[in-house]
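Work through the exercises below with the sequence and the model at hand. Each task is followed by a worked solution.

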Amino acid sequence: MEENKEEKNDNVESDDYPEEHNEAAIAGFALIQCKYSKTEIDFQAANHLNRGKGETHGGFLPLLPVSKEFIEALSSDEEFVLNLKVPEHGMPIDGLALPKFPRVRNIRDQIGKFGVPFEKQLTVSDVKEDQSRLTITKDLVAEFIDPMMDDDEKVLSRKLDGILVLVYDSEGNQYEMKFKMWGGKSRVLTSGWKAFCNANKFVAHEDWITIWACRHKKTQQLCFVILARRFPKIKQLVPKKIGKQERERISHPGEQKNKADGLTR
């Protein structure tokens, strides 16, 4: 029985993380250590640098893949950076598919079921000391988190008191937080988010977090796993307020173009 359990865990760990992206991911994580935007480092050198770093972490890096082409463009093409567009809600900024399961060794035996992951750019309010909350828009909640909640949790999470959840970081550290309604529109992770944010040294706009909603294997409690990728050259891409029409334009550009064509005929 123990052998089967370990085999299952290994499958969860390896998941669908494409082997061909490993080198690019390692290089990307090395690149983010470069403090100045004009610093140049080739991918082979980056690979060697982060291989040494990985050995100090048990050889379990990288946690998230990253597009080699995207990193190369960020480091060498200023026009590319200036013309970056807001990705469709929940989609990764580099266009690379997110892993179905987080590669965090310390939680393999604790989580029984994972939802579909999504990515979010951290805003100033997400990391600001006196606000202490991670805001998740209602459309992201509806698409990625609601499917992992039962009916009672959905009702309670829409109230001010919210529900207690567990949140895991890249080291498998566990934080107790509340998942609740905020401002009548969005949902937030709070009452523990500040400690999580400080421990992981998150930076507004530069950090893009991947979030998995999941269920604890033993207690069935709602949990989240949050990992981050850092792109220092990227600033705020998402407008402070996105109206319904603007959201539809971002999510369905073809439909909006057809509507505009119809008005001009």
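**Exercise 1.** Is Phe224 buried or exposed? Describe its surroundings.

Solution. The model is predicted. Start with the place: Phe224 belongs to strand S8, residues 222-230. Next, take the relative accessible area, which is 0% for Phe224. Buried means under 20%, so Phe224 is buried. Then list contacts, leaving out residues up to four places away in sequence: Phe224 touches, among others, Ile145, Val167, Phe179, Leu189 and Trp212. Cys214 is also touched; its C-alpha lies 5.8 Å from that of Phe224, at a separation of 10 residues in sequence.

**Exercise 2.** Which polar contact does the side chain of Asp207 make with another side chain?

Solution. Locate Asp207 in strand S7, residues 207-216. Its relative accessible area is 2%, so Asp207 is buried. The side chain of Asp207 has a polar contact with the side chain of Arg230, at 2.6 Å. A polar atom of the Asp207 side chain also lies 2.7 Å from the backbone nitrogen of Val203.

**Exercise 3.** How many aromatic pairs does a search of the whole structure find? Classify two of the pairs.

Solution. The search finds 9 aromatic pairs. Phe70 and Phe80 are 5.7 Å apart, centre to centre, with 75° between the planes, an edge-to-face pair. Phe70 is in helix H4 and Phe80 in helix H5, so this pair ties together parts 10 residues apart in sequence. Phe70 is buried at 5%, whereas Phe80 is partly exposed at 27%. Phe196 and Phe202 form a tilted pair, with 6.0 Å between centres and 45° between planes. Ring pairs link Phe196 and Phe202 with Tyr175 and Trp193 into a cluster.

Technical notes: Residues numbered from 1 in each chain as written. Predicted model: local features only at pLDDT ≥ 70, side-chain atom pairs only at ≥ 80, totals over all residues. Heavy atoms only, no water. Helix = DSSP H or I, 4+ residues; strand = E, 2+ residues; numbered from the N terminus. Buried < 20%, exposed > 50% of the residue type's maximum accessible area, 1.4 Å probe, protein only. Contact = heavy atoms within 4.5 Å. Polar contact = N/O pair within 3.5 Å; in protein donor to acceptor, adjacent residues only side chain to side chain. Phe/Tyr/Trp six-rings, centres within 6.5 Å; stacked < 30°, edge-to-face > 60°.
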